[in-house]
Structures are given as structure tokens and as C-alpha cells.
Amino acid sequence: MAEDPRDWTDETKLVRGGMARSPHGEISEALFLTQSFAYESAASADARFAGDAPGYIYQRFSNPTTQMFEDRLALLEGAGQCRATASGMSAVHVALTGLLRAGDHLVAGRALFGSCRWIAAELLPRFGVETTFVDATDLDAWKNAVRPNTRAFLVESPANPLLEVTAVGAVAEIAHAAGARLIVDNVFATPIFQKPLALGADVVVYSATKHIDGQGRVLGGAILGGEALMTEAYKDILRHTGPALSPFNSWVLLKGLETLELRVRRQTENAAKIADLVAAHAKTREVRYPGRPDHPQAAIIANQMSGGGNVLAFDLGSREAAWRFLDALRIVDISNNLGDAKSMATHPSTTTHRSMPEAERIAIGLTEGWVRMSVGLEGAGDLSRDVSRALDAA
Ligand SMILES: *Cc1c(COP(=O)(O)O)cnc(C)c1O
């Protein structure tokens, strides 16, 4: 009997999903670095343009290497369709603008990646879309924010930078009762530990720049959802506005997916050890890590995530202490990326979240003592030694 790839475990999907071999039988997926495609006849060009015959037309629409990346990620996510984009931000931008038009209303969690927040707060209003920001952990806040013209909800869970977690299923129900679609930015959870579509979300977005590459090389993004919604909301906007992912980057990300599960699990083991070490240190006021029982939304995490992920945040009490910690690190880099093989730590209030108005930073609990750390693949002993020494210095 033929194998149905949808029945495979995630590990098998990540290695073999979406593979479309050329007649050469290559083992490693081929890189089709081509913009356009030749047709056998004028009639076959006509049929392809009409959408009556399968086949590629132009790299801005699709490409065989990009298609393999999209099919592999769709299989992993359990989505009807995946569309790759040039960055995580183009994925978030198109995910929103494909669903919204002038006069519509968006409700968004107030703790968001800086650029996502800028789109919701600054860009969408220019086109007649209003946004209400809510405390994403408060279900009544989502309900109360709904207006007759609410068409979309946007949430990041766990959220940047303090790892706040939202009950995805409950928020999906509120969205659907309001006639709105729920978009989940699933970067921090990764597709290994959380499947928002299965929890009730309509659209999932990724920055593939993070764990999916995971080795610091390329930008990439993805939008995933059911086949009908993906076609209706996103097919034309993707074709005509041009956020296509380069086939080279698709190829890098396709190979990144092969080792995603291994890397994320090892990073998560390391992160759990670092979180415990940081929590036990006298200089630490508070630790947030979705894998610890003292996380404020631990009960929700147990319901919807199968692992804590590789990012933690901790409060050292002041900007001075946080900076002393960062400056004392000898292995971990000071950098704002995350999901990488290399561990990195950052001071959100002076970097990723510096453009957020101070009152809003305080509202999400982001005071100047917080450090965010993305734990990588180095040896746990080396990382522990580096972090302990830096905490002593803080
Ligand atoms: C990094 C990130 C993005 C943006 O992705 P890019 O690939 O940098 O454009 C969006 N959302 C979250 C949660 C991120 O961490």
C-alpha cells in the first residue's frame, strides 16, 4: 500500500515531506535557480495561465524548490497549504493585508514583535484599518475589543519578549463568534511544540529566519492555513505584490527543516537547564520560561504546547545589572536574533522594544532589568558556566 505522508511522524515529514525528485533521482533536494519556465506549445502556455494545467509560470508565483519547502512545512503543520515569503515580516504583512480592507478592525495582542506592532499601529491605519491592542492573556479583553467590523485577531504565543502565553483555542472561539479570523505568529513555539491550526486558529505565520534556518544564514517566512482561505485571501496578493522567497533561500530552509526537530529539542533541553540555573541565582528577581511550572500561564501551556522552547527571559532588577550580565558573557553572543545554533542574549528595552512607548513597555511588564536569551546548541556545561559567571558579575 502507498504511504500517505500525512500519517508520518513529524521526524519523517521533516526529512522526506514535499520531496519532488527530478528525473536524475537526486537524494538532496534540487535547487531550481530559475525565474521562468518554457512551455511546450502556445496552447500549453495558454492552459497554464488559465490555471487549467499544472506547472510553473514565474518565480514570483512559485518555483519547484520553494514548492518543496512549502509542501514540507504544510505537512508538518497539518495545513492545507503553505506559501513561503521572503521574510517573517512579509508573512505577517500579507497575512494581515490579505484579510483586511478599509473600514475593517483588527484586535491584536499588545505584546508583539516590534515590526508586527508597527504594522498594526502605524501602517494599517493609513489604509483605514483600526487596531485595538489587548492584554492577550485576558479573554474578556479580547471579547470586549470586538466591534461589528472586526475581521481579524493577531496573537503571538509565546509572545516577545516576556514569553506571555495565550489560550489559542479560547481566543479562536471568540474570533469565530465575531466573524473574524485568528492569525497566530508561532515563531517562539516552533511547529515542533505547537500546532495552532489544530487548536482552532485560521492562519499561522512563521519567521523561518529563526529556528527553521536556525543557523544564521537567510531570511524567510511562511503563511499557512486551509486551502480555501489560502486561495481566497492570499493567492492574488502574493502573485501581484512580490514577496516571493528566493529559491536559494527556500533550499537553505528546506535543508534546515531536516534537522529542525533535533535542534529544537536539544536547544530546549539546554534552555530548561539554563532557566533553572538562572531561577536559583540570588541576582535574579524573576524568570519566565514556558517549560517551568512557575510560568504564569503554566496550565495553558500544558494544554497546548508539548515543549517549552528555547527562549527564556529574566529580570535582573536594573538596566545596569542587565548590561553587566551581557558584558560578562564569554560564549553567549549579545544579539537580538533567536532560534539559532549559537546562544544569544539581548536587552529588549534598549534594542528590539526601544521604539515601543515607555508606558506600553511598562504595561507589558518590560522594565529595564529584563534580559531575553535564546539558548543554542553549545554544550550545557559550557553554557551554564558562562551564564553563572555573568550572573555573578551582574
Ligand atoms: C523575527 C520575528 C518576526 C519577523 O521575522 P523576520 O524574518 O525577521 O522578518 C516576526 N515575528 C516574530 C515573533 C519574530 O520573532
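Colleague: How big is the largest cavity, by volume?

Modeller: This is a predicted model, and in it the largest cavity has a volume of about 80 Å³. It is lined by 13 residues, and those closest to its centre are Arg 60, Arg 83, Ala 84, Ala 244 and Leu 245.

Colleague: Which elements supply at least two residues of that lining?

Modeller: Helix α3 and strand β1 each do. By class, the lining of the largest cavity divides into six nonpolar, four polar and three charged residues.

Colleague: How do you find empty space at all?

Modeller: Rolling a probe the size of a water molecule over the atoms shows where empty space is left.

Colleague: And how many cavities of 30 Å³ or more are there?

Modeller: Two. About 30 Å³ of space lies in the second largest cavity.

Colleague: Which residues line the second largest cavity?

Modeller: Val 187, Thr 190, Pro 191, Tyr 206, Ser 207, Lys 210, His 211 and Ile 212. The largest share, three residues, comes from α10, while α8, β6 and α10 each supply at least two. The classes in this lining are four nonpolar, three polar and one charged.

Colleague: Thr 190 is on that list. Where does it sit, and is it buried or exposed?

Modeller: Thr 190 lies in helix α8. It is buried, with a relative accessible area of 2%. Its phi is near 70 degrees, a positive value in a residue other than glycine.

Colleague: Why point that out?

Modeller: Because most residues other than glycine have a negative phi, and most peptide bonds are trans.

Colleague: Which other residue has a positive phi without being a glycine?

Modeller: Leu 163 has one, at about 60 degrees. Leu 163 is in the loop between β4 and α7, and at 1% relative accessibility it counts as buried.

Colleague: Which element gives the most to its lining?

Modeller: Helix α3, with five residues. The elements that each supply at least two are α2 (42-50), α3 (64-77), β1 (81-85) and α11 (227-241). The lining of the largest pocket has nine nonpolar, seven polar and eight charged residues.

Colleague: And what volume does the second largest pocket have?

Modeller: About 290 Å³. Of its 20 lining residues, Gly 88, Met 89, Phe 113, Ser 207 and Lys 210 are the closest to its centre. Two or more residues come from each of α4 (88-97), β6 (203-207) and α10 (209-213), with α4 giving the largest share, three residues.

Colleague: Where does the second largest pocket lie relative to the domains?

Modeller: Domain 1 (5-258) and domain 2 (261-393) both give residues to its lining, so the second largest pocket lies between them.

Colleague: Now strand β12. Why do you call it largely enclosed?

Modeller: β12 covers residues 370-374, and five of its five residues are buried, so the rest of the structure largely encloses it. In general, side chains in a regular strand alternate between the two faces of the sheet. Here Trp 370, Arg 372 and Ser 374 are on one side of β12, with Val 371 and Met 373 on the other, and both sides are covered.

Colleague: Which strands pair with β12?

Modeller: Strand β9 (residues 311-315) pairs with β12 in the antiparallel sense over five bridges, and Ala 313 stands opposite Arg 372. Strand β11 (residues 344-346) is also antiparallel to β12, over three bridges. There, Ala 345 stands opposite Met 373.

Colleague: Last one: where is His 105, and what does its side chain contact?

Modeller: His 105 is in strand β2 (residues 105-109) and is buried, at 0% relative accessible area. A polar contact of 2.6 Å joins its side chain to that of Thr 132.

Key. Residues are numbered from 1 along each chain as its sequence is written. Side-chain values use heavy atoms; hydrogens and water are left out. Helices (H or I, at least four residues) and strands (E, at least two) are DSSP runs, numbered from the N terminus. Ala, Val, Leu, Ile, Met, Phe, Trp, Tyr, Cys and Pro count as nonpolar, Asp, Glu, Lys and Arg as charged, and the others, Gly among them, as polar. On a 1 Å grid over the protein atoms alone, a cavity is a set of points where a 1.4 Å probe fits but cannot get out, and a pocket is an open set with protein on both sides within 12 Å along at least five of seven lines; lining residues have an atom within 4 Å of a point. Grid points are joined across faces, edges and corners, and a volume is the space filled by probe spheres set on the points. Domain bounds come from an automatic or database domain assignment. Buried means under 20% relative accessible area, exposed over 50%, partly exposed in between (1.4 Å probe, protein chains only). Two strands pair if DSSP finds at least two bridges between them. A polar contact is a pair of N or O atoms within 3.5 Å; within protein, one must be able to donate a hydrogen and the other to accept it, and residues adjacent in sequence count only if both atoms are side-chain atoms.
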